[in-house]
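Me: I would like to learn how to read a protein model one feature at a time. Please give the general idea in each case, then the example.

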Amino acid sequence: GGETTDLGAPKTKTEDGNSSSVPMFGILLVLFATFSQASIGVALRLQAGGVGPLMKCYWRQQATAACLFPLALPKFTAKQFQALSKKEWLFDLPLISVCYAFITAGFVIGLDETSLANAYILSSLSSIIIIVVTLLLGKPVMKLEALGSLVALAGGVVCAMAPDHDQHPKRVVGNNDVNNGSKTSFTGDLFVSPPASRICFATSFTAAAYLIIAQRLRAKLDMSVFMFLMYTISSLLVLSFIILNQTEPVSLSFHPVHGIFGWMNPMLDRLPLELWMVLVCNFVGGIGFVEALKYFSPVVISVVMLAEPAIAMLEGVVAGVSPLPEIQTWVGDVFVILGSVLAILSGIK
């Protein structure tokens with residue numbers, strides 16, 4: 001791996017104070033997080049019944065915060081409150097919550113208008129952004145990180161440029177048809193289609209900021225406390241936007257479409273599916289990636305995230321929400337996986 005920059009991964013230390021290689025646990029953590037996080041797109045597609053994308057986003061964050069609360073409560077000690085500076089409490093924590101709210105909301109909105117693969121590609125370009133910013137700041141970048149990022153990105157673009165016949169399910173809110181199930185393409189989504197897909201693309205920039213800030217705050221706060229605060233603030237931001245912008249119906253109820261507690265309904269695509277998104281996608285996936293920042297740099301994590309579209313497509317085929325990809329997609333997937341392996345190797349001495 002070599003020496004890291006300010007954006008690099010914190011090194012583990014042996015008892016004699018020398019830096020050691022990344023433990024196998026760190027590698028397994030990244031792999032499990034990738035497979036788990038990749039299933040979020042499929043889960044969101046399966047959450048049918050006319051519920052809006054922002055309400056899906058809010059439900060996911062509220063449910064995750066609720067599950068984290070009993071884990072975080074015993075950890076709320078004076079030591080935790082003293083762990084962050086006033087600037088970090090008043091600026092960094094709210095900022096990372098805004099970033100996460102935009103990431104999750106942008107992805108689920110983009111998923112409503114583009115294919116599963118394109119939604120992941122458009123929102124997973126943070127590795128390139130981090131590398132460019134690092135170079136602009138005059139700081140060195142590990143060669144394997146940069147190479148892995150470019151290889152994975154090239155593979156991702158090859159996947160997304162493939163002919164896409166992913167038919168999006170029509171979503172109805174009130175009496176309005178929101179999605180017409182039209183065919184999509186990567187270039188069409190980014191440059192021609194309505195703004196939602198470009199919002200999905202913009203999440204790559206907030207994802208870059210999110211990973212860099214998360215690495216710093218996670219090193220100071222207990223994981224459960226940090227994630228509970230972030231999910232709580234983020235959920236309130238999304239709910240406030242829904243109410244103030246009036247883009248979707250919302251009610252203080254358990255209604256399965258517009259109720260803020262609608263995810264608690266004992267329907268197959270509500271409570272059980274939401275628990276899957278919380279326990280697998282968010283706990284193993286999202287929190288797993290944040291925990292992996294102890295062993296890898298934000299660049300490595302964001303490169304590995306580029307493997308999610310390949311995994312998501314396969315999971316989508318199995319779940320029946322995506323068609324079987326064409327040969328061009330398989331070729332691109334090979335490059336994505338190769339780039340991810342190179343990135344992981346960059347963090348191992």
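Reply: Helices here are DSSP runs of H or I with at least four residues, numbered from the N terminus. Under that rule, helix 14 is followed by G320, whose phi is positive, near 80°. Bear in mind throughout that this is a predicted model.

Me: How many residues does helix 14 have, and what does it reach from its first C-alpha to its last?

Reply: The expected span is 1.5 Å times one less than the number of residues. Helix 14 has twelve residues and reaches 16 Å between its end C-alpha atoms, close to the 16 Å expected.

Me: Which other helix is followed by a glycine with positive phi?

Reply: Helix 7, residues 126-136, is followed by G138, and the phi of G138 is also positive, near 80°.

Me: What is the secondary structure of the protein chain as a whole?

Reply: The chain comes to 15 helices and two strands.

Me: Next, burial. Which residues of helix 14 and helix 7 are buried?

Reply: Buried means under 20% relative accessible area, and exposed means over 50%. In helix 14 the buried residues are E308, P309, A310, I311, A312, M313 and G316. In helix 7, S126, S127, I129, I130, I131 and T134 are buried. Over the 349 residues of the protein chain, 53% count as buried.

Me: Which residues have the most contacts inside the largest nonpolar core?

Reply: A nonpolar core joins buried nonpolar residues through side-chain atoms within 4.5 Å. The largest one has 54 residues, and those with the most contacts inside it are I96, Y210, F226, M227, F296 and I301. Helix 11, residues 223-245, gives the most to this core, with eight residues. Apart from it lies another core of 27 residues, among them A43, F107, L273 and V278. V278 is also one of the contacts of T64.

Me: What share of contacts joins residues at least 24 apart?

Reply: Among contacts between residues at least 6 apart in sequence, that share is 80%.

Me: Now charges. How many salt bridges does the count come to?

Reply: The count comes to seven, by a rule that asks for a side-chain nitrogen of Lys or Arg within 4 Å of a carboxyl oxygen of Asp or Glu. One of them pairs K75 with D222, the closest N and O atoms being 3.5 Å apart. This pair links distant parts of the chain, 147 residues apart: K75 is in the loop between helix 3 and helix 4, and D222 in the loop between helix 10 and helix 11. K75 counts as partly exposed because its relative accessibility is 37%; D222, at 21%, also counts as partly exposed.

Me: Which salt bridges does E291 form?

Reply: E291 meets R218 at 3.0 Å, N to O. R218 lies in helix 10 and E291 in helix 12, so the pair ties together parts 73 residues apart in sequence. Both R218 and E291 are buried. E291 also meets K294, at 2.9 Å. K294 counts as partly exposed, at 34% relative accessibility, while E291 has a relative accessible area of 15%.

Me: Last, the surface. Which residues form the nonpolar patch?

Reply: The patch consists of L314, L324, I327, W330, V331, V334 and F335, with about 700 Å² of accessible area together. Five residues, the largest share, come from helix 15, residues 327-346. L324 is found in the loop between helix 14 and helix 15, and counts as exposed because its relative accessibility is 63%.

Notes: Residues are numbered from 1 along each chain as its sequence is written. This is a predicted model: local features need pLDDT of at least 70, side-chain atom pairs count only at pLDDT 80 or more; totals for chains, interfaces and linings use all residues. Side-chain values use heavy atoms; hydrogens and water are left out. Patches are made of residues with over 30% relative accessible area and no salt bridge: like charges are joined within 9 Å, nonpolar side chains (Val, Leu, Ile, Met, Phe, Trp, Tyr) within 5 Å. Accessible areas come from the Shrake-Rupley method with a 1.4 Å probe; for residues, only the protein chains shown count as cover. Buried means under 20% relative accessible area, exposed over 50%, partly exposed in between (1.4 Å probe, protein chains only). Contact means heavy atoms within 4.5 Å. Lists of a residue's contacts leave out its neighbours within four places in sequence.
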